[in-house]
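Work through the exercises below with the sequence and the model at hand. Each task is followed by a solution in steps.

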Amino acid sequence: MNLWLILAVNSIALGGLLFLLASGFSLIFGLMRIPNLMHGSFFMLGAYLGVSFLRLGAGFWPAAILAGLALAGTGAVIERLLLRRLTGKPQAQVLLTLGMALIVADLCLMLWGGDPIEVQTPAGLTGVVPVFSVVFPTYRLVVVVIAVAIAVALWLMLERTRLGAMIRAGVDDPQMARVIGIRVSRLFSIVFSLGAGLAGLGGFIGGPILSVYPGLDQDMLPLALIIVILGGTGSLAGALVGSFVIGFLYNFGQALFPDLAYVILFVPLLAVLVIRPQGLLGKLAP
Amino acid sequence: MRITRRKALQSVVGAGIGASLGPLARPALAANKPIRIGLLTVLTGPLAEGGIQIRAGTELFLKQRNHTLAGRKVELIIQDTGGNPAGAKTKAQELVERDHVDMIFGPYAAFELLAINSYLIQHKMPTLSLAAADDLTSRTPNPYLVRASATSSQAMYPLADYAARELKVKTVDTIADDFAFGYEEVGGFQQVFDDDGGTIRKKLWSPLHTPDYTPYIAQIGAVDGVVIGLAGSNPVKFLQQYASLGMAGKHKLLGGETAADDALLKSFGDEAVGFISACPYSASYDGTQNKDFVAAYTKQTGAVPGLNAATFYLNGMVTEAALHATGGKTDDRAALVKAMRATSFKDSIRGPFHFDRFGNVVGNVFMRRIDKSGSGLVNTIIKVYPNVSQFWTFDVKKYLATPNYTRNGTPAKLAQNAAGAE
């Protein structure tokens with residue numbers, strides 16, 4: 001049946017987009033031990049900045065990369081200037097990210113106005129491709145490819161590089177990592193910047209699907225939270241699995257149980273929290 | 001944007017100073033103290049765009065009248081509710097108890113008005129709102145409410161009539177925001193569409209915050225039309241995703257007053273061409289007053305006015321006419337509301353209109369189709385239904401005795417008095 005096929009393909013596409021949002025969130029959560037409540041803001045700000053780059057004449061993909069870099073810079077600045085001062089005070093850090101989220105939301109409203117902005121799908125990807133017996137937008141499939149590429153790159157970085165080894169050490173046991181001479185505070189900057197950049201990139205790449213509007217940040221943040229808690233904090237594979245689980249739940253849940261649209265995403269979360277509090281692929285906190 | 005924000009702040013600060021002087025200064029100035037209008041709108045958060053349009057429409061009207069109505073100076077006190085019921089309650093209390101306003105313009109959203117409705121009644125506060133909750137001017141009326149826009153279902157009756165009789169649409173699926181406004185829009189459509197021989201096959205309800213409509217779009221079946229009861233930025237998202245799934249042209253798209261608002265046109269892409277919607281206001285209405293209004297508004301804001309801005313401009317007109325009738329007096333609140341509800345206009349930016357005994361407007365509803373115009377889009381008026389009341393052509397007594405439209409219920413049968421609009 002066509003409906004189920006469309007839902008299945010869309011689940012994968014949405015999962016890919018969600019991974020761009022959640023991977024950085026997961027790394028930040030895992031290493032710094034704080035839920036970054038401005039992660040949705042990074043996503044939205046990246047989308048808005050990308051729109052501005054487009055308007056200034058940049059192509060779609062250059063605009064996407066610029067948006068990602070701009071957000072990576074923003075993330076680094078916020079970490080160095082604000083979060084760093086509150087090291088060791090997780091509650092204060094969480095409050096700070098919440099406050100920054102509100103500031104970013106109103107800043108975007110002032111700079112870009114409140115009208116929703118449609119991001120045009122890049123030329124050449126506007127069509128549809130046949131998938132088995134249904135047609136599916138080409139662009140969404142491209143998003144999946146990008147997400148997979150980024151997942152592979154992140155995995156290689158974490159598993160095969162010295163930096164990755166240091167991050168893993170920091171996630172597993174930050175005190176021990178410090179003892180053996182890893183500058184964990186510098187890792188914080190790098191990871192926060194990387195996470196912000198990925199979210200910004202995801203925000204703009206998501207533009208042709210979601211469009212850009214005030215409130216996009218608040219729509220995305222809970223999804224990131226659910227995915228990361230479901231998959232396990234600090235676990236890249238967990239974020240990947242969580243993204244696709246949520247992609248499927250979102251699509252099939254809303255079609256099968258329309259009256260439960262609000263709770264459908266939280267039911268498996270509750271189940272996981274009861275049975276495996278550390279998340280599907282998370283490790284128990286040391 | 002930055003300047004207007006500052007202006008809003010100034011007026012709020014100014015209001016604070018005025019209020020602190022209030023008790024001392026008032027007796028001396030009582031003879032000709034200014035009329036105070038409290039504007040409850042939304043300037044921050046996801047609903048801000050509509051709220052900013054509301055402020056622009058109000059300010060434009062007052063500027064054109066040189067801040068003087070019926071010989072009295074008018075002071076506008078702007079409050080930002082943040083678009084939530086708690087904020088609306090706090091700000092309404094400030095306006096009523098601290099600023100001693102004579103009337104309230106706003107609030108914007110239905111859930112805001114519902115949160116302060118009993119408070120406003122208790123304080124006998126004349127309220128000119130856009131919030132569309134049906135019951136407040138029918139089954140559980142607020143005696144101090146004046147609504148110059150429409151109830152949620154009001155524009156849906158002619159839309160259903162037009163769809164069934166002129167477009168010959170037989171079957172539709174509906175998609176609407178999963179809250180009262182959506183239920184009332186779809187219920188209103190169904191009420192008339194069923195009578196006219198049409199069938200709603202499937203009702204889809206999407207949460208207000210739905211990032212991806214694909215699961216809903218995939219459920220739309222082989223029907224003639226899709227009725228879209230979405231508000232805010234949701235119609236933009238929905239149509240973009242609908243088109244990207246290769247659905248463009250498969251159904252007649254029919255929308256309520258918020259789905260294709262003139263102010264949204266600059267956000268839509270070409271996929272919106274052909275979208276037919278019903279709205280109690282249209283920027284392309286060619287009355288003289290409206291042409292002047294659109295020109296002045298566009299000059300002031302750089303954007304085309306939609307229903308939000310237009311309604312608050314109309315609220316200004318209603319207030320002015322009522323003040324002329326009361327000789328500029330605002331002390332007797334009941335008399336002021338009575339005068340507002342008694343106003344009647346041979347022409348306005350939405351054409352002729354008057355109010356029913358519940359304070360809800362009776363006037364034009366425009367059927368519009370989105371067409372391409374140069375590099376942008378425009379709503380072309382394809383039919384005008386005159387004198388549309390919130391009761392359509394139903395028997396009012398019967399209407400008041402039946403329950404309001406709900407999420408899953410089928411509306412009770414209400415015989416229409418005559419075929420179509422009169």
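**Exercise 1.** How are α6(A) and α8(A) oriented to each other: roughly parallel or roughly perpendicular?

Solution. The model is a predicted one. Start with the axes: those of helix α6 (residues 162-172) and helix α8 (residues 184-210) of chain A come within 10 Å, crossing at roughly 105°. Angles of 65 to 115 degrees count as roughly perpendicular. α6(A) and α8(A) are therefore roughly perpendicular to each other. Next, list the contact: α6(A) contributes A:M166, A:I167 and A:G170, while α8(A) contributes A:V184, A:L187 and A:V191. Sorted by class, the contact of α6(A) with α8(A) has 5 nonpolar residues, 1 polar and no charged ones.

**Exercise 2.** Give the strand order of the open sheet in chain B and find its edge strands.

Solution. The order of the 6 strands is β2-β3-β1-β4-β5-β6 (chain B), with mixed pairing. The edges are β2 (68-69) and β6 of chain B, each of which pairs on one side only. B:T68 has B:K73 of β3(B) as its bridge partner.

**Exercise 3.** Locate helices α2 and α11 of chain B relative to the strands.

Solution. Helix α2 (residues 48-64) of chain B lies across β1 (35-41), β3 and β4 (103-105) of chain B, and runs at about 160° to β1(B). For helix α11 (residues 333-342) of chain B, begin with the buried residues: B:L336, B:V337, B:A339, B:M340 and B:R341. Their cover includes β6 (145-146), α10 (307-325) and β13 (353-355) of chain B.

Key. Residues are numbered from 1 along each chain as its sequence is written. Chains are lettered from A and ligands numbered from 1 in the order in which they are written. This is a predicted model: local features need pLDDT of at least 70, side-chain atom pairs count only at pLDDT 80 or more; totals for chains, interfaces and linings use all residues. Axes are lines fitted to C-alpha atoms, for helices over the stretch in contact, and angles run from 0 to 180 degrees between N-to-C directions. Helices (H or I, at least four residues) and strands (E, at least two) are DSSP runs, numbered from the N terminus. Angles under 35 degrees count as roughly parallel, over 145 as roughly antiparallel, 65 to 115 as roughly perpendicular and the rest as oblique. Two residues are in contact if their C-beta atoms, placed from the backbone, lie within 7 Å. Ala, Val, Leu, Ile, Met, Phe, Trp, Tyr, Cys and Pro count as nonpolar, Asp, Glu, Lys and Arg as charged, and the others, Gly among them, as polar. A residue is buried if 20 or more other C-beta atoms lie within 10 Å of its own, exposed if 12 or fewer, and partly exposed in between; C-beta atoms are placed from the backbone. Two strands pair if DSSP finds at least two bridges between them.
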